[in-house]
2 protein chains.
Amino acid sequence: MNQVVQFGTMQMLVESLLDGFVSTKDVLSAGDFGIGTGEGVDGELIIIDGVAYQIDGEGQVHEVGPDFPIAFGNVHKGDFEFLKEYEDITLKELQDEIVKEVKTKSLFFAFKIEGDFDAVQTRSANKSTRPWPSLSQIAEGQNVFDTTDTDGIMVGYYSPKLFQGAAVPGFHQHYLSNAHDFGGHVLGAKLKHVKVSVQMLSGLDLRLPAENADYRAADLTQLDHLNAAIHAAES
Amino acid sequence: MNQVVQFGTMQMLVESLLDGFVSTKDVLSAGDFGIGTGEGVDGELIIIDGVAYQIDGEGQVHEVGPDFPIAFGNVHKGDFEFLKEYEDITLKELQDEIVKEVKTKSLFFAFKIEGDFDAVQTRSANKSTRPWPSLSQIAEGQNVFDTTDTDGIMVGYYSPKLFQGAAVPGFHQHYLSNAHDFGGHVLGAKLKHVKVSVQMLSGLDLRLPAENADYRAADLTQLDHLNAAIHAAES
């Protein structure tokens, strides 16, 4: 059984540690499906069948080159199992259905949602410049995009609540339309007719920026800041 | 750079998930230095140069066989670097010195403390029986051992605070005397003359009991219980 490979932590983003400490090449060598963000929160990434796409801060889709620097990402070797088809359901309702089907909140798993969507809302941010801003400053400057009647794919991960702060707790998914004209970090969606596949994962292969001086020097022992960010994201 | 491989989580122990879900053979295939505990908190384990020893609940030391079931463990491929020699220092003081030397609290690292000890205090528990008791019930029944003028080795890990609940936060070390007549989970020590080696680690390779029905079914989403246990351990 595969693990989810995670580069960096959610805490790093909250604490403005936004250096791209790995390249797309490194990330793709760890898996062929995934999600992530570039250095300085440079757009949203989605990896499908070994190809990494960026939805930039203006909503434009690009395939990214092997040396593109990545600040945070989740990736794994795809070996999905078809779960079920669903019709006329919100993303939130679908997530509850998926948890019922897999019958556990204690394991990491990957999922893929493919098909026709009535509506998808995403966000993406333009790359920040050094010194890196706070994640809340980035959130203020990000763009929110809406589309209707789109066909495409969501790729995402479920992480058990225990790992909040290290990982993004619960569901986290990015979207790319089949026409490559829409995508990003998914805020919400209404699904018309989709095929859902799931891959249970045996654990977490977490790779930290061990050679990064800012990461090593950062005071990451005060968890109040992180907990406030998690609380704000959940409310 | 190697990762620390961790089998299971601290939360599992707090939530009475004490099945031995891996064998010593599995653990040794992931590394040749480490610490852990057997199924049902069956003593304390220390792995030195690829050999796994158990200090049982009565303080007796045994080499464990390949099929011995393990409920929790940390292990890695040893490639330590000599750091410094220290004399007449408490374990707590030495830990502060090690953090000063490695200059980070943001990375996992392994350490080895070898030499002469004025005093070492350890604990170890006898194996519980199913249904597994709570960790606090186990703590009530554990034995505490003291010795003076001992020579031996401590093996341990430092885990960044972010990972508390998944890992044991901060320092965690087990001891084995060279005569194999004393050891366990270290509660405190006074070090006479020791050689300290350290190995920085690039991340965490966490392996969960993905096939274990009790683990999958457990409600691990309520973190209050876990946080209370962490708070109790720290106070």
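Is B:Glu39 buried or exposed, and what is its relative accessible area? B:Glu39 is buried, at a relative accessible area of 12% (buried means under 20%, exposed over 50%, partly exposed in between; 1.4 Å probe, protein chains only).

## Basis

This is a predicted model, in which local features need pLDDT of at least 70 and side-chain atom pairs count only at pLDDT 80 or more, while totals for chains, interfaces and linings use all residues. Residues are numbered from 1 along each chain as its sequence is written, chains are lettered from A and ligands numbered from 1 in the order in which they are written, and side-chain values use heavy atoms, with hydrogens and water left out.

## Salt bridges in chain B

Over all chains, the structure holds 22 salt bridges (a side-chain nitrogen of Lys or Arg within 4 Å of a carboxyl oxygen of Asp or Glu). One of them joins B:Glu39 to B:Lys127, at 3.5 Å from N to O. B:Glu39 sits in the loop between strands E3 (33-38) and E4 (42-48), and B:Lys127, 88 residues away, in the loop between strand E9 (109-124) and helix H4 (135-141). Helices (H or I, at least four residues) and strands (E, at least two) are DSSP runs, numbered from the N terminus. B:Lys127 is partly exposed, at 40%.

B:Lys112 and B:Glu114 also pair, at 3.9 Å from N to O. B:Lys112 is buried at 14%, whereas B:Glu114 is partly exposed at 25%.

## Salt bridges in chain A

A:Lys84 and A:Glu101 form a salt bridge with their closest N and O atoms 2.9 Å apart. A:Lys84 belongs to strand E8 (residues 81-90) and A:Glu101 to helix H3 (residues 91-102), so the bridge ties together parts 17 residues apart in sequence. Both residues are partly exposed, A:Lys84 at 36% and A:Glu101 at 28%.

A network of salt bridges links A:Asp19, A:Glu39, A:Lys127 and A:Arg130.
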